[in-house]
Structures are given as C-alpha cells and as structure tokens.
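Colleague: Please walk me through this model. I want to learn how to read its local features.

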Amino acid sequence: MKAIRVHQYGGVEALKYEEIAAPEPGAGEARVRIEAIGLNYVDVYQRTGLYQLKLPFTLGMEGAGVVDAVGRDVSEVKAGDRVAYSMISGAYAEYAVVPSSRLVPVPKNIDSRAAAATMLQGKTAHYLTHSTYPLKTGDTALVHAAAGGVGLLLVQIAKRRGATIFGTVSTDEKARIAREAGADEVILYTEKDFVAEVKRLTDGRGLNVVYDSVGQSTFEKSLDCLRPRGYLVLFGQSSGPVPPFNLGTLAAKGSLFVTRPTLAHYAITREELLQRANDLFNWVAAGQLKLRIDKTFPLAEAAEAHRQLEGRKTTGKVLLIP
Ligand SMILES: NC(=O)c1ccc[n+]([C@@H]2O[C@H](COP(=O)([O-])OP(=O)(O)OC[C@H]3O[C@@H](n4cnc5c(N)ncnc54)[C@H](OP(=O)(O)O)[C@@H]3O)[C@@H](O)[C@H]2O)c1
C-alpha cells in the first residue's frame, strides 16, 4: 500500500510517499481501508519532532473508511462497517490498523469525508466546551484562530451552549468565515492588540474563559483577557510552545486557572468516545453543525497540505485522499 512515512524529523521534505506492506490486524484490532484522512496540527508537531514518535513511522491521527479485516476478539465492528477514528497513529495510508474499541460507527447519512472532518477537531471542540470549561448561557469566551479547523467547530459549539464568543484571526477573509460560524466579535490579532479589544468590548470586565491553541505568541496576553477566577485553556501551540511559567502570575492576575488538556484524556472510555462522536454526528446530520472542508489533497501531496496549514493558508478542515 502507499503511505506517507517519516524517517527523520524535519520540514515538509521529511514526508516520504512510499510503498509498504499493509498492516495485519492483531487481537482486538481491525483494519480500515481509508477513504479520507484528516489533517491536524498535531501532524506538524510529529513531523518536526516537537512530539516524538519512534522513527520511522507513518504519520496521521485521523481517518474514516470501511473495515476490511478484523483480528481475534473483536466485538465492536465487522468487515464492511463504515467507521471513523482519531488519536491512533498511521492514518496517512491506504490501510490502517486500529484497536476496535477506538472505532466509531459512522451513520449512513454522513460520508467518509464528513466523518474524517468531524472526529479529532470536533471531539476537541466538544470536550473543551462541555468538560474542560463547561460553558453556560451568558458566559464570555475567546477562541484564538477562530477560522481554523478546531476554531470553526469550537465557535459553533460554544454558541450552542449560549455563550458570547470573541474570535481572533489573521485576515479579513478569516474574520468573515469566523463571523459566519457565529462569532459575535472578531479581532484581527495581527493588526490590533487583542487584550485592549477584549477589554473594550467587555466594558473592562474581561472574559470567563480563553481557549488558546496558538501558544507562545498569545499565552501571556490571553491571561490579561480574563476576569478574576477566569480559565485559560491552553490546548495547542501552533506558534510554538509556551516557555516555563511562574505560577505566582496566576495569583497576581486574578486567581486564574490554567489547564493544558488533550483529547486523549477526554475520550478515555468507549462510552465517552461514542457519546462525543454521536453528539457531533447528530448535529452534523441535523444541519446544526456545519463542516467546512476547505481543501482536499491526494495523499501523495501531503507535503503541500502541510505547507499550507503551517503557512496559515487554510480555514476549517483539510483532508488527504489515498
Ligand atoms: N489538545 C487537544 O486535544 C487538541 C486537539 C486538536 C487540536 N489541538 C490544537 O488546536 C490547534 C488548532 O489545530 P487545527 O488542526 O485546527 O489547526 P488550524 O487551527 O486549522 O491551524 C492553525 C491556525 O493557527 C493560527 N496560527 C497563529 N499563529 C500561527 C503560527 N505562528 N503558525 C501557524 N499557525 C498559526 C492560524 O490561524 P490565523 O491565521 O487566523 O492566526 C492557523 O490557521 C493546534 O494548536 C492543535 O495542536 C489540540
């Protein structure tokens, strides 16, 4: 089968399109013939070595397709089932082996591209708004990179919870897209001081929560957007990792909370995994959650997809097709 492999960490040139043997499912595993692969920022961290995997490896943490073989002791799925998954390595390929307990059945009215566009970023938006800081009516929240993959889903799901949403983006076009998704106020953080804008728009009160996936370039200022006892949810670092941090700052800035969550710990049991995925599929099927599949590339062109994601040239979801 064809796959994108990484033999050495590095730039987009580290992505090698190769012929390798298709993996065989072991006990408790199923093999998925992948129809759509989700591109996620974590793929960049793994390619560059910010997050280290054992070399060489097949990149990719999200896929959707059809089960074509199962190993021993598999009860959750059978050959022919349409499934999707995330947070398991090896998705940049024609086939991937996945623990069957991590596979989510995909409803008939959701195609594989939509399923791959829902899983990782959707479940992230779900846990951030429902579990990490459960938003409630009247809350005010800031979503950085609001026109991104997680960003557009986070804005929509946060609005469902009754919160007022502020978004930051880098361009006018992204501002338009974030507004269309439901953001109440959008700030061009590349042009304006977003702390001053948040203070102005909240009459100096500040926010209940900031969802910050940008990291290095926004973290300190995100703290300054919060009201006393507000929450900074740092869930990524697209601009680079946040340097070591003096906890005393949290007291000085208003007895603030900081958490650094990851999806792995918010979909621990199969029940939790299915509950989040099914909520998302139901909203998508009902037209209550819009997916924006911005760009689709052949798997062989994964390097160009990475170049565009890192270059801030994408909005919503990017897919690779094997
Ligand atoms: N913790 C978790 O469970 C979890 C799960 C999924 C994703 N994440 C994180 O969520 C973030 C978004 O992931 P995604 O896949 O949806 O990507 P994305 O938001 O579609 O792309 C990243 C966006 O970050 C913004 N950005 C700001 N500074 C940047 C810089 N220096 N370089 C590149 N981008 C920059 C850009 O938007 P503007 O041009 O508008 O600034 C860019 O479009 C990532 O940090 C990812 O690690 C975390």
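Modeller: Start with A145. A145 is partly exposed, at a relative accessible area of 24%. Bear in mind that this model is predicted.

Colleague: Where is A145 found?

Modeller: A145 sits in the loop between β9 and α3 (149-160).

Colleague: D73 is not a glycine either; what is its phi?

Modeller: Phi of D73 is positive, about 55°. D73 belongs to the loop between β5 (62-70) and β6 (82-86).

Colleague: Is D73 buried or exposed?

Modeller: D73 is exposed, because its relative accessible area of 64% is over the 50% cut-off.

Colleague: Which residue just after α9 takes a positive phi?

Modeller: R312, with a phi of about 60°.

Colleague: And peptide bonds?

Modeller: Check omega. Most peptide bonds are trans. The bond from L55 to P56 is cis, with omega near -15°. P56 lies in the loop between α1 and β4 (57-58).

Colleague: Now helix packing. How do I describe a pair?

Modeller: Two packed helices are described by the angle between their axes and the distance between the axes. Take α2 (residues 112-132) and α8 (residues 270-285): they pack at about 110°, with axes 9 Å apart. So α2 is roughly perpendicular to α8.

Colleague: Is the crossing of α2 and α8 left-handed or right-handed?

Modeller: The crossing of α2 and α8 is right-handed. By class, the residues of their contact are nine nonpolar, six polar and three charged.

Colleague: Which residues of α2 and α8 meet?

Modeller: On α2, they include M119, K123, H126 and Y127. On α8, they include L273, R276, L280, F281 and W283.

Colleague: At what angle do the axes of α1 and α9 cross?

Modeller: Roughly 110°, and the axes come within 10 Å. That makes α1 roughly perpendicular to α9. Y41, D43, V44 and R47 of α1 make the contact with H306, L309 and E310 of α9. The classes here are three nonpolar, one polar and three charged.

Colleague: Next, the faces of a helix. Which residues of α9 are buried?

Modeller: In α9 (residues 302-310), the buried residues are A302, A305, H306, Q308 and L309. Look down the axis of α9: the buried residues fall within an arc of 165°, so they line one face of the helix.

Colleague: What covers the buried residues of α9?

Modeller: The cover includes the strands β1 (2-6), β2 (15-19), β15 (293-298) and β16 (317-321). Helix α1 (41-48) is also included.

Colleague: Let me try α5. Which of its residues are buried?

Modeller: F194, V195, E197 and V198 are the buried residues of α5 (residues 194-201).

Colleague: Why do they count as being on the same side of α5?

Modeller: Because they cover an arc of only 165° around the axis.

Colleague: What do the buried residues of α5 pack against?

Modeller: Four of the elements are strands: β9 (140-143), β10 (164-169), β11 (185-188) and β12 (207-212). Helix α6 (219-224) is packed against as well.

Definitions and conventions
Residues are numbered from 1 along each chain as its sequence is written. This is a predicted model: local features need pLDDT of at least 70, side-chain atom pairs count only at pLDDT 80 or more; totals for chains, interfaces and linings use all residues. Side-chain values use heavy atoms; hydrogens and water are left out. Axes are lines fitted to C-alpha atoms, for helices over the stretch in contact, and angles run from 0 to 180 degrees between N-to-C directions. Helices (H or I, at least four residues) and strands (E, at least two) are DSSP runs, numbered from the N terminus. Angles under 35 degrees count as roughly parallel, over 145 as roughly antiparallel, 65 to 115 as roughly perpendicular and the rest as oblique. A crossing is left-handed if the near helix is turned anticlockwise from the far one by less than a right angle, and right-handed if clockwise. Contact means heavy atoms within 4.5 Å. Ala, Val, Leu, Ile, Met, Phe, Trp, Tyr, Cys and Pro count as nonpolar, Asp, Glu, Lys and Arg as charged, and the others, Gly among them, as polar. Buried means under 20% relative accessible area, exposed over 50%, partly exposed in between (1.4 Å probe, protein chains only). The arc is that of the directions from the helix axis to the C-beta atoms.
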